Amino acid sequence: MSTTRVLLILLTVVSGCVDAISFLRLGQVFTAAMTGNTVLCGIAVAGGHGGLAVRYAVALIGFAVGAAGAALVMTGHRRETGWSRAVTGTLCLELAALFAFWLLTQCLPATEQKRIVNVLLFVLAFAMGVQGSTARRVGINGITTTVITSTLTGLVETAVWKAVGKVRSHAVTTDGKAFEPTAAALVWMWLSAIVAYGIGAAMSSAIIAKWSYEVVWVPIAIVVIVLLTGHLQGRSQSQQMSM
């Protein structure tokens, strides 16, 4: 598995971590899985639960603003696959949002944290919006890091096509180069992303029970690792191209 795909799968772990944090600590709201928030927002509105509806709406807005912020960072950079300075910049933005979330939870007492739940939701959703946009920029087909539904769809489709002997062509980009992976490679790649999301959620759930919001250091650490590795990889690719 290429370095870029491994990095995106690590970011999928981050999504699982963050969704578990927001769901368990911020009123059962997702900050990466926007499909679920849309459904739950509709249910809350129909049931007359205005406060809940607002929370889901805040997460949706935060995600959209994060995606917009990443798009602004990438403005002026031509769309290309693989790692680039624009991707490094957007991940720095995500890292800043996660760190801001940690600061808010540490500097404010528990009573104040409850009063700013919508702010905390917005910050986490913003980080995930940035990450989702970044994943699209990197360009690995089927790994969005935040949308597991489409990943699961691709996995099942490819598995069925392989079973009946009619596998369709999937152009996948890795480390800036396009290639045609085998059906088995695609299934393994997408399955890895789904499992990674579950692992992230499980880790956060276990850590929250003992250390509460300190759990956010798990996604922060993962993003730092991805950021540094990707940056070094991007520099190496640039040097090879200039030779």
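Okay, let's start in helix α5 (residues 110–115), where R115 and E112 are three residues apart, which puts about one helical turn between them. "Helix" here is a DSSP run of H or I with at least four residues, a strand is a run of E with at least two, and both are numbered from the N terminus.

A quick word on the source: this is a predicted model, where local features need pLDDT of at least 70 and side-chain atom pairs count only at pLDDT 80 or more, while totals for chains, interfaces and linings use all residues. Residues are numbered from 1 along each chain as its sequence is written, and side-chain values use heavy atoms, with hydrogens and water left out.

Back to that pair. R115 and E112 form a salt bridge, and their closest N and O atoms are 3.0 Å apart. By salt bridge I mean a side-chain nitrogen of Lys or Arg within 4 Å of a carboxyl oxygen of Asp or Glu. In general, side chains of opposite charge can pair when their charged atoms come close.

Is R115 buried or exposed? R115 is exposed, at 65% relative accessible area, whereas E112 is partly exposed at 29%. The cut-offs: buried is under 20% relative accessible area, exposed is over 50%, and partly exposed is in between, with a 1.4 Å probe and protein chains only.

Zooming out, the protein chain has nine helices and two strands. Along the sequence, the pattern runs α-α-α-α-α-α-α-β-β-α-α. The protein chain has 243 residues, and 45% of them count as buried.

One of the buried residues is F126, at 17% relative accessible area, and F126 sits in helix α6. In sequence F126 is 94 residues from A32, yet their C-alpha atoms are 9.1 Å apart in space.

Of its 17 lining residues, the closest to the pocket's centre are A32, M34, T146, V147 and I148. Two or more lining residues come from each of α2 (34–46), α3 (50–74), α6 (117–138) and α7 (148–164). Which element gives the most to this lining? That's α6, with four residues.

How is a pocket found? On a 1 Å grid over the protein atoms alone, a pocket is an open set of points where a 1.4 Å probe fits, with protein on both sides within 12 Å along at least five of seven lines; lining residues have an atom within 4 Å of a point.

By type, the lining has eight nonpolar, eight polar and one charged residue. Here Ala, Val, Leu, Ile, Met, Phe, Trp, Tyr, Cys and Pro are nonpolar, Asp, Glu, Lys and Arg are charged, and the others, Gly among them, are polar.

Last stop, the loops. Most residues other than glycine have a negative phi. Q28, which isn't a glycine, has a positive phi of about 55°. Q28 lies in the loop between α1 (3–25) and α2, partly exposed at 47%. S212 also has a positive phi, near 55°. You'll find S212 in the loop between α8 and α9 (217–242), partly exposed at 23%.

And the patch: W188, L191, V195, I199 and M203 make a nonpolar surface patch with about 460 Å² of accessible area together. Patch residues have over 30% relative accessible area and no salt bridge, with like charges joined within 9 Å and nonpolar side chains (Val, Leu, Ile, Met, Phe, Trp, Tyr) within 5 Å. Accessible areas come from the Shrake-Rupley method with a 1.4 Å probe, and for residues only the protein chains shown count as cover. L191 belongs to helix α8 (residues 183–211).
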